[in-house]
Structure formats: C-alpha cells, structure tokens
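Please open the model in the viewer and keep the selection panel at hand.

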Amino acid sequence: MKLYLTPGSSSMATHIALVEAGADFTTHAMSLGKETKEAPFLAVNAEGKVPALEVDGTVLTEVAGTMFYIARRFPAAGLLPEGALEQGQVVSWMSFLASSVHPAWKVSEEHARAIWAIAEQRLGGKEWLVGGAFSIADIHLFRLFWRFRDRLGLDAATYPKLTAHHDRMLARPAVRKVMAAEGV
C-alpha cells in the first residue's frame, strides 16, 4: 500500500489508521494545492486531494473510504466494531464529520462553533464515540478537532468532552508516531 499525504491534512487520519492497524505501507508526502494539482498526482486522484491510498493498483480516496478499508482489511486491530448497529454508528459519525464538521468553518466561525457544539453533545460522557471501543471514527474526530481547535478557539471550558477525547488520542502511540513522522 502507498499513502499519498500532506502533513497535518485530512490524510493524517488515514495515516494514523494505518499505523494503528500495523499495516505495511509507504508514504508519499506532497504539498497541498501545488503537487496535488500537478499531472502526476492527478493521474492518481483526479480530484487532486489527499488522502489517496493505492492498494494493488486500485486507488481509494476520502478519509471515510480509506479508513473503512483499513479497518476491514485489518480486523485484529479493532478499528471497527463487529455489530451492525455499531458499524452503522461509525458510518454515522464519519458522515457527520465529513459533511457537517469539516466544511463548517467555510460558512463562518460562528457556524463552525455551533457544529462543534453538536459534536460535543453527541460525544456525551463516552470515552470513545461508539460502543465504548476505539474506532476509526475516533481517529477522524481527533484529526479534525486537532486541526480546528486553535483556529476557531475551541477551548476546553466550552468543549470539555472533545478536549478530553483529543487528549486521550494524543496519548496513543500511533498518534504520536504519525505526528512525529509528519512533523506536526
């Protein structure tokens, strides 16, 4: 497998999932908006964005698609719960994160904070997002909160559950390894 990534971008979530899974893979780091828009990468992913995960000649794109594949390919890593209802919850979280949380800042900072308040409420008092077990949804949430908390001023007093989740994720060896590898 080969992961095309831009350090600190959305591809960081896929990178964390690969490390969590103990997968054998290589990375190809590139600059977002420059190399990702040039012909060699556009031949890999016509949308010109990361992540792109090349697997045996097939390219998977989008955070949810790449991480779902990793979770299914490496079931021993426990990145996806076994039950259908819990898997549905993971997909629900991943969809919410991709369609509501990630683009919210493009509307306005006020809108983004309101969406993050919904995420705070949905997290509730749980340690992990689904069924009490760590999953790919936790990785996705972490990467987004990590990326936007300073930019949007998402402070611990207003978002204590998300902050606690973020801190639990930072304690994971795979997260620390990826952050060091990406230099973020």
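Select helix α7 (136–152): α7 gives the most to the lining of the largest pocket, with 4 residues. Helices here are DSSP runs of H or I with at least four residues, and strands are runs of E with at least two, numbered from the N terminus. The model is a predicted one, in which local features need pLDDT of at least 70 and side-chain atom pairs count only at pLDDT 80 or more, while totals for chains, interfaces and linings use all residues. Residues are numbered from 1 along each chain as its sequence is written, and side-chain values use heavy atoms, with hydrogens and water left out.

A pocket is an open set of points on a 1 Å grid over the protein atoms alone, where a 1.4 Å probe fits, with protein on both sides within 12 Å along at least five of seven lines; lining residues have an atom within 4 Å of a point. The largest pocket holds about 500 Å³ of space, the volume being that filled by probe spheres set on the points, which are joined across faces, edges and corners.

Next, pick S10, K49, V50, H102 and R143, which lie nearest the pocket centre among the 19 lining residues. By class, the lining comprises 9 nonpolar, 5 polar and 5 charged residues (nonpolar: Ala, Val, Leu, Ile, Met, Phe, Trp, Tyr, Cys and Pro; charged: Asp, Glu, Lys and Arg; polar: the others, Gly among them).

Move to S135, in the loop between α6 (109–123) and α7. Is S135 buried or exposed? S135 is buried because its relative accessibility is 0%, the limit being under 20% relative accessible area with a 1.4 Å probe and protein chains only. Leaving aside residues up to four places away in sequence, S135 touches L79, P81 and V90, contact meaning heavy atoms within 4.5 Å.

Now display the strands. An open sheet of 4 strands has the order β2-β1-β3-β4, with mixed pairing; two strands pair if DSSP finds at least two bridges between them. Strands β2 (26–29) and β4 (58–61) stand at the edges with a single partner each, so one side of each has no neighbour in the sheet.

Finally, select β3 (residues 52–55), joined to antiparallel β4 by 4 bridges. A52 stands opposite T61, and E54 opposite V59. In this hairpin, with 2 residues between the strands, D56 takes a positive phi near 50°.

Key. Buried means under 20% relative accessible area, exposed over 50%, partly exposed in between (1.4 Å probe, protein chains only).
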